[in-house]
Amino acid sequence: MEFDGNGWAEGRIDLQPPSEGWSLLSPEPEARIDEHRWAHQARVFFRAELTLVQKKAYPSGATPMADAVEVDVARAGGAPTRVLVLTVPLDRAPLVRAAAAAGVRAIGGRGFDALLGRARRAWQVREPQVAGDDARAPLLVTAILAAVLLAPVVPPGEETIFGVKGARERLQRLGW
């Protein structure tokens, strides 16, 4: 993947099918990637270090329609694992929207139907990780993004949907 001088991904960005990544549905329509905010959430709430491989700039307040970024994440002081994060407008992610709707039905709504109705942008953390040894990294980045974006999560290969609490519980079961 190539990136321009602002760190924006060049070329067409397409999400994988929901079975191949952790999908999030954000009410925010912009593709802004805020390293400071993401890193703060990682440090404070997950005892993790997070850095962007491609630094992002938003001249004149503009944001790309779709974007991608590689994220290095690790336990504080540990070896990083790299994951790929993609984002597109929700109307360009019909499979993610359908998987989210199926997840909402599977849990009987529980307020996630309202969150789905407000969603404007899809984000996806790809499985498996790009580099590194920690297989929990995609879920960790997903949990961080769910907290930052206030976005529900559709896990790969499951018919459910959950929020930050569900992501944290999954991480805890995996020893994070």
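Which residue just after α1 takes a positive phi? I looked this up first, bearing in mind that the model is predicted. The residue is Arg47, and its phi is about 50°.

**Entry 1: helix α1**

Helix α1 holds 12 residues, 35-46, and at 1.5 Å a residue it should span 16 Å. I found its end C-alpha atoms 15 Å apart, which agrees with that expectation. I listed its buried residues as Trp38, Ala39, Gln41, Ala42 and Phe46. Because these residues cover an arc of only 160° around the axis, they lie on the same side of α1. I recalled a general point here: an α-helix has 3.6 residues a turn, so residues three or four places apart point the same way.

I next asked what the buried residues of α1 pack against. Their partners are the strands β2 (48-52), β3 (67-75), β4 (81-89) and β5 (121-126), together with the helices α4 (137-149) and α5 (164-173). At the start of α1, I noted that a side-chain oxygen of Asp34 comes to within 3.2 Å of the backbone nitrogen of His36.

**Entry 2: helix α2**

I repeated the length check on helix α2, residues 94-106. Its 13 residues should span 18 Å at 1.5 Å a residue, and the end C-alpha atoms are 18 Å apart, which agrees. The buried residues of α2 are Val96, Ala99, Ala100, Ala102, Gly103 and Val104. I recorded that the elements covering them include β1, α3 (112-118), β5 and β6. After α2 comes Gly108, which has a positive phi near 75°.

**Entry 3: aromatic rings**

How many aromatic pairs are there? I counted two. In one of them, the ring centres of Trp8 and Tyr58 are 6.1 Å apart and the planes stand at 35°; the pair is therefore tilted, since the angle falls between 30 and 60 degrees. This pair links distant parts of the chain, 50 residues apart: Trp8 is in the segment before β1 (21-26), and Tyr58 is in the loop between β2 and β3. Trp8 counts as buried because its relative accessibility is 15%, and Tyr58 counts as buried at 14%.

The other pair joins Trp38 and Trp123 and is edge-to-face, with 6.0 Å from centre to centre and 70° between the planes. Here too I saw distant parts of the chain linked, as Trp38 belongs to helix α1 and Trp123 to strand β5, 85 residues apart. Both of these residues, Trp38 and Trp123, are buried.

I also looked for charges over rings. Arg75 lies over the face of Trp176, 4.2 Å from the ring centre. Arg168 lies over the face of Phe46, at 4.9 Å from the ring centre.

**Entry 4: two single residues**

Is Ser26 buried or exposed? Ser26, in strand β1, counts as buried because its relative accessibility is 0%. Leaving out residues up to four places away in sequence, I found that Ser26 touches Ala119, Arg120, Arg121, Trp123, Leu149 and Ala151. Ser26 and Glu10 are 16 residues apart in sequence, and their C-alpha atoms are 22 Å apart in space.

With residues up to four places away in sequence left out, Thr160 touches Gly103, Ile107, Val153, Val154, Pro155 and Arg170.

Terms used
Residues numbered from 1 in each chain as written. Predicted model: local features only at pLDDT ≥ 70, side-chain atom pairs only at ≥ 80, totals over all residues. Heavy atoms only, no water. Helix = DSSP H or I, 4+ residues; strand = E, 2+ residues; numbered from the N terminus. Expected span 1.5 Å × (residues − 1). Buried < 20%, exposed > 50% of the residue type's maximum accessible area, 1.4 Å probe, protein only. Arc of directions from axis to C-beta. Contact = heavy atoms within 4.5 Å. Polar contact = N/O pair within 3.5 Å; in protein donor to acceptor, adjacent residues only side chain to side chain. Phe/Tyr/Trp six-rings, centres within 6.5 Å; stacked < 30°, edge-to-face > 60°. Lys NZ or Arg CZ within 6 Å of the ring centre and 35° of its normal.
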